[in-house]
Structure formats: C-alpha cells, structure tokens
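Student: I would like to go through the labels attached to this structure and ask what each one rests on.

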Amino acid sequence: MKRVILSGFFIYLSVSFLIGQNETADIKKQYNAVYITTAPVIDGKLNEDVWGQGNWNDDFIQFEPLNGRPATQKTEFKILFDEDNLYIGIKAFDTSPDSIVTRLTRRDQADGDLVGVIIDSYHDLRTGFLFGVSASGVKFDQIFTNDGQNQDSSWDPNWWVKTSVNDEGWVAEMKIPFSQLRFEKNSGDVWGLQVARIYYRKNETDFWQHIPREAPGMIHLLGEMTGLEKIKPRKIFDVTPYAVAKAETFKAEPENPFLKSGKRFGFNGGIDAKIGVTNNLTMDLTINPDFGQVEADPSEVNLTAYETFFREKRPFFIEGNNITNFGLGLGDGDIGNDNLFYSRRIGRRPQGFPSLNEGWHADIPTATTILGAAKLTGKTQKGLSVGFIEAVTAEEKAEIDTVGGKKYETVEPLTNYFVGRVQKDYNEGNTIIGGIFTSTNRRLDDNLASFMHREAYTGGVDFTQYFKKKSWMYNINTAFSYVAGTKEAIELTQRSSARYYQRPDNDYVNFDPDRTSLFGSGGRMQIGKMDGHLNLMGAVIWKTPGFETNDLGYIREADQILSVLWAGYSQWEPKGIYRNYRFGGDFYFVNNFGGDWLGKGFEWFANMNFKNYWFAWTGGNINTTQLSTGMLRGGPMIKLPGNINMRLGFSTDNRKKLVLQVSANNSTGLEGNSSSWYTMADISFKPTNYLRVSFNPSYNPSFTELQYVTKKSFGNDTRYLFARIDRKTLSASLRVDFNLTPELTLQYWGQPFIATGKYSEFKYITNPMADEYKDRFHVYTPAQISLNSGSYDIDENSDGTTDYNFGKPDFNVQEFLSNLVIRWEYNPGSTIYLVWSQTRSCFNDSGQMDVFNDLGDLFNCKDNKPHNVFLVKFSYRFGLR
C-alpha cells in the first residue's frame with residue numbers, strides 16, 4: 001500500500017514538472033442578451049414585435065464531421081430575458097424544408113433534426129445546463145459536469161418550448177425560468193453559452209462557439225453571454241403530491257391464505273418536492289415514493305458467487321447521481337461498477353427470510369418501503385459542489401400463517417442511510433479536491449443481527465489536477481471502510497465471496513471468528529493524456545482484503561491490485577471510405593496483497609464510422625494462465641487456463657427507417673476447457689414519425705469443464721465438487737414506442753427468456769496448483785457416481801457404500817417480463833401514468849432447451865397463471881414561488 005501511494009506522489013510531481021501549467025485560452029465569442037418588458041407568447045412562430053429587439057447571431061462552425069469548417073446550413077439565434085425567464089429563439093434554415101425529419105419520441109430520447117442551448121450559469125467552466133428540442137417539439141435536457149465528461153439526462157427541469165416548420169426551415173421558441181438554473185446573486189456579468197444544431201440528413205453537428213475535436217472537455221471552451229446584470233436568482237419551490245391505485249391478479253392457491261383469492265388491491269400516496277434552499281442549492285424531498293412505472297430488471301441466471309450489478313432506474317436516485325458518485329473502478333464491466341454509493345441498496349428486496357414449519361405460509365414483502373428521503377445538491381459561485389442524501393427505510397415483517405394462528409418475523413430492519421459528498425474547484429477548475437462519507441445504521445433483532453451489519457461507514461478523499469489547458473490529467477481517489485456487528489455477522493463478511501479470509505492458503509490475513517468489526521481501504525490512481533489524436537492512460541486500482549462497501553456501495557472483489565497501461569488513437573477527419581475511426585489497446589496485471597500474480601493480459605479494440613453512415617467494430621483480449629482465489633468458494637487458489645476473447649459487429653445507418661445491428665462474441669479456453677458464443681441482433685423499424693418498433697434477440701450457447709457444484713466432506717478431507725455444464729440462453733426483447741404528442745406517449749417492453757444448464761462429467765479437485773490442467777481434478781468413474789431419485793450418490797472409495805450425495809443441479813428456467821406504460825405530461829411536471837406489468841415463470845430440471853415447448857409451457861400451461869399488476873398514478877405539480 002505504501003508503495004502505491006508513494007508511486008502516485010512521484011508520478012504527480014513528474015507530470016507537474018514536465019507539462020507545466022495552463023496556457024493562454026482561445027478567444028471566445030460573446031453574445032449580449034437583451035432585457036425586455038413584454039414577454040413573448042411561446043408558440044414557435046417568432047413573429048411578435050418583441051423579437052425585433054436585439055441582434056440575430058449566426059456564424060456557426062461544424063464540430064463534426066468536418067471540424068472547423070463553416071456549417072452546411074445557416075442557423076441564427078437570439079436571447080431575450082425579463083425578470084423571471086430567458087427567452088431563446090432559434091432559426092434553423094434549411095434549403096430543403098420538406099426533408100426536415102420530425103420524429104416524435106419520448107422526452108430525452110429526441111430523434112431527427114435538433115437544436116439546443118448549453119448554459120454555464122455558475123461560470124465555473126465545468127458545469128453546463130442543456131435545453132434542447134427536436135423539430136417535432138420533443139424536449140431533451142441534461143446537466144453536464146466534469147467539463148462535459150459526465151452527462152445526467154435524468155434532470156427534467158420545468159420549461160416551455162414550441163417548434164414550427166416553414167418555407168425557410170424550422171423554428172424553436174423557448175422559455176426557461178431562472179428558477180430552473182442555479183446561480184449566485186450578482187453573478188450575471190458573464191455566463192458560459194453554447195448554441196448547437198444537429199443537421200440530421202448529413203449527420204452534422206454545428207456549434208456557435210467552435211470547439212476543436214481534439215479538445216479535452218467542452219464546458220471550459222464555451223462562448224460567453226453578457227447583459228444579465230439585472231437578473232435576480234429565483235428559488236424553486238415545487239410540491240408534487242401523487243396518488244396510486246393498484247390491482248394485482250395471480251394464481252390462486254386455496255391452501256395459502258395469502259394467495260387464496262388470486263387478487264389483491266391497494267391504494268397509496270405520497271409527496272415529492274423540490275425546494276430552493278439558497279440561490280444555488282436545491283433540496284429534493286420524497287415521502288413514501290412509488291416507482292411502479294419503472295421498467296423491471298432483465299432476467300438472468302447467475303451461477304457465480306458474486307452479486308449481479310443492476311443499473312438504477314428510479315428517477316429520484318438517478319438525477320444528480322454524478323455529484324454523489326465516488327468511483328473506484330475503471331471502464332465498464334465488473335471492475336467499473338465499484339463505487340462507494342450504489343443507490344439500489346436503498347429500498348432493496350428484504351434480505352431476511354422467515355423460518356417456516358411444514359404447512360405454514362408466509363406473506364413476504366418484495367421490496368423495502370422507503371419512508372422518506374431527502375437530497376441536497378448544488379454548487380456555490382466559489383466552486384464548492386455538495387451532494388447530501390438522507391433516506392430512511394421501514395422495518396419489514398413477514399406475516400406467517402401457522403395453521404390456526406399468525407405471527408410476524410422481521411425480514412428487513414429499520415435502516416438509516418446517509419451520503420455526503422463535497423468537491424471544491426480551484427484555479428478555474430484545474431484543481432479539484434473532494435471527499436465523501438457514507439453511513440448505514442440498522443436497528444436489528446437477534447435473528448437479523450446474525451448476518452447483517454449493525455453499522456457500516458465508508459469515506460474517501462479525491463484529488464484531480466489538470467495540466468496544459470486540460471490536456472493532461474492526474475487523479476487519485478482513496479477510501480476506507482468500516483463495518484461492525486455481531487461475531488456471526490462479521491464472520492460471514494470474512495467468509496464472503498469478496499475476500500474468502502478462510503482460504504487454507506491465505507497466509508497474509510487473519511481469519512478471526514471472534515472479531516466484531518472489519519476495516520479496509522482502497523483507491524484508484526490514474527494519469528492520462530486527454531487531447532489530440534493520441535490518448536494515453538496509466539492506472540492503478542487497489543482494494544485491501546478487508547475493504548467492504550456493500551451496505552451502501554458496490555464491490556465485487558476485494559484483495560486486488562490492478563495495473564493498466566492504455567493507449568488509443570482517434571482520427572476524425574473524413575477521408576476515403578470513413579468519416580472517423582478509433583483503435584487502441586491496453587496491458588493489465590492483477591495481483592493480490594499476498595504477492596500472488598492472479599493474471600495478466602492484453603486487450604484491444606477498433607471501430608470505424610463509414611461515409612455511408614454504417615458503423616463497424618471489433619476487439620478482444622488474451623488472458624494468460626490465471627490464479628483464482630474464489631473458484632473454490634473458500635478453498636485454496638486454483639490455476640486456470642488462459643483464454644482468448646474476440647468480438648465484432650456492425651450497425652447500419654441509424655437515420656433510416658430500418659436500422660440493423662448485429663454483433664458476436666466468442667471466448668475460448670486455451671486448454672479446450674471452455675467455450676462461449678454470444679450473438680445478438682437489434683432490429684429497429686420507424687415506419688412513421690410517431691412509431692418505433694425494435695426487436696432484440698440474443699442467443700448464448702456455452703460450456704465449461706469447471707462449474708462449481710457444491711462442497712462435501714470425505715473423512716477428514718474436503719471435496720470441492722465441479723462438473724462440466726452445457727448452457728444455452730435465449731432471450732428476445734420487443735420494444736414499442738408510440739408517441740401521439742411530445743407529452744403523450746405509450747411504451748411497451750416485453751422479454752421472453754429461456755436458460756438451461758446440463759451438468760455432466762462430475763469431478764472433485766485434487767491438486768488445484770498442478771502444472772498440467774488434467775492433473776488438477778479427478779473425474780468420477782461410472783462406478784463411483786449414480787443418479788437415484790433426483791440425487792447423485794457418490795461412492796468415492798468404491799466400497800459399495802454411499803460416501804456423500806448432492807441434488808441434481810440441471811435446470812430449465814423460463815421467464816416472461818413485460819411492461820406497458822402510457823404517460824401523459826398534461827402540464828410541465830404533472831403526469832398521469834397507466835401501467836400494466838406482467839410476469840410469467842416456469843422451471844424444470846431437464847437441463848435441455850426445446851424452444852417451442854418451453855414457450856408453450858410459459859404461455860399456455862394451465863398451472864402457470866401470470867402475475868399481473870395494473871396501476872394508475874396521478875401527480876400534480878404546484879409551483880410556489
């Protein structure tokens with residue numbers, strides 16, 4: 001650990017010396033907004049006298065494809081304001097107005113010809129507020145942070161816009177209340193400004209303020225808007241009560257008193273609020289929130305010892321999550337998800353399960369009730385960003401019918417969650433220092449205390465320094481974790497798949513079943529060249545064995561040090577057959593804190609955007625022989641063969657009515673020990689401007705010779721049982737988007753899913769570190785293993801007596817999930833939802849896939865009645881200012 005920190009310090013000093021500090025910034029355009037006393041009517045016409053004041057500004061420059069060259073079509077804009085609002089008019093001239101693409105979509109999914117404005121009202125050169133609209137009048141809005149490197153499209157401010165198409169092109173007219181922007185009093189001297197247009201037919205993006213393609217970031221390069229000295233900040237005060245009526249139908253079970261009728265009805269209500277605490281700090285409140293309109297997670301069968309990471313979909317937790325984010329990962333995938341805050345922990349499925357005797361039935365909650373949550377976010381004029389979240393979830397009890405009586409058993413405790421995040425900008429955003437602290441506190445009974453932490457805390461400090469006009473970047477994030485509870489709970493933490501303290505060959509940590517707390521630390525350090533055609537990055541990630549963040553964060557594996565050296569090259573000037581292309585690769589090395597080299601390899605990628613607007617990509621990686629500390633799930637390390645992964649794919653012109661994307665991925669073990677193929681297609685059809693249908697089938701056949709089955713004892717020895725598994729997974733997602741107006745939309749999503757696994761060639765591990773792959777295990781002979789009544793009996797010493805047994809693990813899982821949502825935003829911030837969700841599921845232990853029979857079982861089986869949820873949600877926003 002000490003070597004990692006010292007290396008980072010010396011790297012930082014070296015970069016500072018070699019690169020130097022910022023150079024003189026490029027000259028920026030300026031626009032002077034005009035004060036008006038009579039507000040225009042927002043109708044998308046721009047034909048009122050008030051629009052005669054001020055000057056129209058044009059001179060747009062291409063960002064892509066021909067960066068720096070004049071825009072193909074002329075664009076003009078004008079900005080007016082009064083005491084309460086900004087008024088923005090944009091004229092998007094078009095020499096072929098009949099070819100303007102006006103596709104109707106849902107908010108934030110705009111398609112076709114677009115215009116938008118980005119406003120840096122903090123003028124911190126790091127944060128931008130985007131207000132955009134399509135030619136059909138569909139809004140899209142985002143918050144850009146970290147100089148444009150992070151985007152948050154969940155931000156939905158209340159503003160007004162109308163569009164119209166005429167003989168010269170099309171027009172957008174916007175009204176943006178100052179209450180939806182964040183700024184200090186007397187800060188209107190200079191704001192950052194960018195006006196953008198997407199000319200859809202040419203796939204061309206034009207900016208008013210030119211931004212070079214090689215630029216490292218965007219917000220610090222925006223133009224400037226002046227003339228707003230007269231404005232005063234407006235504090236937002238929106239209160240949105242809601243009411244929900246819900247009905248459920250499911251398979252009736254006469255012997256189960258909780259499912260006897262096959263029906264269930266409910267009514268719920270709550271309040272959401274957005275309150276301006278100060279001029280630039282906003283508090284979001286929610287009491288008894290309901291997220292019934294949120295789409296379900298996709299189906300999966302997880303045969304690993306690790307938790308699956310699911311992305312957040314609930315609006316309250318998505319908006320502003322860039323502020324509370326404290327990542328310790330890198331890129332995407334398993335490692336990229338590591339974070340001190342994983343909001344899916346709040347309101348999760350209860351972790352306990354009641355103890356039931358034969359004949360008893362239980363009504364178990366499927367989610368934990370969020371009693372209330374508050375979120376404070378914002379940024380001061382002096383560059384201090386804050387993000388605080390406080391949430392309380394209810395104690396959840398399972399109601400148990402004991403045949404003649406009732407009792408209750410707690411399955412989730414009353415819990416308080418807290419997240420506090422701060423960052424401070426210095427030197428015009430070139431130096432950033434920040435910190436985070438999280439806490440989880442539970443009120444546990446004796447049963448839950450045996451496997452849950454009573455309290456859990458994490459904290460961290462981050463430092464980022466940019467050099468040479470943000471061309472180079474150095475960043476370090478360091479963090480700690482502390483969990484406390486009963487001896488039983490902390491023993492489970494030590495034994496968890498994230499660390500496996502109990503491994504017999506783990507001689508560098510102390511497995512102590514009597515301890516009542518655990519401490520750990522982790523971090524990420526990276527340095528990178530961010531501008532120009534050639535980009536470079538070096539990174540180190542470390543997580544000590546005791547690092548545990550899963551109470552309010554997410555971590556897959558601790559006890560790791562990952563080192564990465566990456567390079568990528570981009571070419572964006574069109575030439576020959578391409579519009580742009582990119583390629584690159586990296587070397588990586590993984591070891592643990594015991595000094596063992598767990599793995600190393602090389603990754604590569606390449607992609608190209610062609611002049612016919614098709615896109616193609618490829619990539620892969622080579623992993624050498626690996627050492628796995630988790631394969632035996634608490635047993636010793638095992639040596640695994642390396643593997644080769646290859647992927648490739650293409651997509652057609654996404655501007656067309658019919659769009660096709662196809663990709664394939666193959667992974668092959670170097671000892672012939674495993675193979676996996678994953679193929680998928682995405683077919684999207686837009687027959688009209690208001691309808692989009694997409695179909696996304698995928699198929700994944702695979703096998704591996706080392707699939708963990710279970711652990712057994714034989715005499716004084718432990719047997720780690722494995723088998724070959726042949727798996728097949730078939731799924732297909734159908735999505736329909738029907739948009740009557742920009743405010744009234746219908747969305748349908750449905751996914752049939754079939755996954756099978758057939759086990760064979762059962763074996764146990766004999767010498768996990770043997771040089772030869774086949775010497776690491778023994779395959780049971782036919783005389784040693786037999787299948788009897790759904791259980792495998794093992795006679796290891798062939799004496800005619802069963803030494804141990806285990807259940808038949810073969811499976812065939814069938815699921816169907818669907819979600820139909822009709823959404824009407826009848827007033828900005830006020831909505832009505834009509835929702836129908838359906839779930840179907842089946843299981844058998846055949847281990848074989850028969851697609852038509854499996855689908856028949858899923859949809860036609862008399863004993864498989866679907867679970868339907870019908871929901872009506874009404875909300876109304878009261879804007880009190």
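This is a predicted model: local features need pLDDT of at least 70, side-chain atom pairs count only at pLDDT 80 or more; totals for chains, interfaces and linings use all residues.

Student: Why is the pair of Tyr31 and Phe77 called tilted?

Tutor: The ring centres of Tyr31 and Phe77 are 5.0 Å apart, with the planes at 45 degrees.

Student: What makes Tyr31 and Phe77 buried or exposed?

Tutor: The cut-off for buried is under 20% relative accessible area. Tyr31 has 4%, so Tyr31 counts as buried. Phe77 has 0% and therefore counts as buried too.

Student: Why is the pair of Trp566 and Phe605 called stacked?

Tutor: The planes of Trp566 and Phe605 stand at 5 degrees, and under 30 degrees counts as stacked. Their centres are 6.5 Å apart, and the limit for a pair is within 6.5 Å. Here too distant parts of the chain are linked: Trp566 lies in strand S31, Phe605 in strand S33, 39 residues apart. Phe605 has a relative accessible area of 18%, so Phe605 is buried.

Student: How many aromatic pairs does the structure hold, and which residues do ring pairs link into a cluster?

Tutor: There are 43 aromatic pairs in the structure. Ring pairs join Tyr122, Phe129, Phe131, Trp155 and Trp159 into a cluster.

Student: How do you know that Glu491 and Arg495 form a salt bridge?

Tutor: The closest N and O atoms of Glu491 and Arg495 are 3.1 Å apart. The rule asks for a side-chain nitrogen of Lys or Arg within 4 Å of a carboxyl oxygen of Asp or Glu, so the contact qualifies. Both residues lie in helix H6, 4 residues apart, which is about one turn of the helix. With 23% relative accessible area, Glu491 is partly exposed. Arg495, at 35%, counts as partly exposed.

Student: What makes the contact of Glu548 with Arg499 a salt bridge, and where do these residues lie?

Tutor: Their closest N and O atoms are 2.9 Å apart, and the limit is within 4 Å. Glu548 is in the loop between strand S30 and S31, and Arg499 is in the loop between H6 and strand S29. The two are 49 residues apart, and the pair links distant parts of the chain. Glu548 and Arg499 are both buried.

Student: Why do Asp726 and Arg724 get the labels they have for accessibility?

Tutor: Asp726 has 30% relative accessibility and so counts as partly exposed. Arg724 has 18% and therefore counts as buried. The side chains of Asp726 and Arg724 meet in a salt bridge at 3.0 Å, N to O.

Student: How many salt bridges does the rule give, and which residues are linked in a network?

Tutor: The count comes to 36 salt bridges. Arg107, Asp141, Asp156, Arg823 and Glu825 are linked in a network of them.

Student: How do you know that S44 and S45 pair?

Tutor: S44 and S45 share 4 bridges in the antiparallel sense, and pairing requires at least two. They form a hairpin with 2 residues between them, and Ser789 in the turn has a positive phi of about 55 degrees. Asn788 has Ser791 in S45 as bridge partner. S45 is also joined to strand S46 by 4 bridges, again running antiparallel, and Asp793 stands opposite Asn805 in S46.

Student: Which way do the side chains of S45 point?

Tutor: Ser791 and Asp793 point one way, Tyr792 and Ile794 the other way, and all are buried. In a regular strand the side chains alternate between the two faces of the sheet.

Student: What makes the surface patch nonpolar, and which residues form it?

Tutor: Trp614, Phe650, Leu658, Leu660, Ile683, Phe685, Phe695 and Leu734 form the patch, with about 660 Å² of accessible area together. Phe, Trp, Leu and Ile are among the side chains taken as nonpolar. Strands S38 and S39 are the elements that give two or more residues to the patch. Phe650 lies in strand S37 and, at 30% relative accessibility, counts as partly exposed.

Key. Residues are numbered from 1 along each chain as its sequence is written. Side-chain values use heavy atoms; hydrogens and water are left out. Patches are made of residues with over 30% relative accessible area and no salt bridge: like charges are joined within 9 Å, nonpolar side chains (Val, Leu, Ile, Met, Phe, Trp, Tyr) within 5 Å. Accessible areas come from the Shrake-Rupley method with a 1.4 Å probe; for residues, only the protein chains shown count as cover. Buried means under 20% relative accessible area, exposed over 50%, partly exposed in between (1.4 Å probe, protein chains only). Rings of Phe, Tyr and Trp (its six-membered ring) pair if their centres lie within 6.5 Å; planes under 30 degrees apart count as stacked, over 60 as edge-to-face and the rest as tilted.
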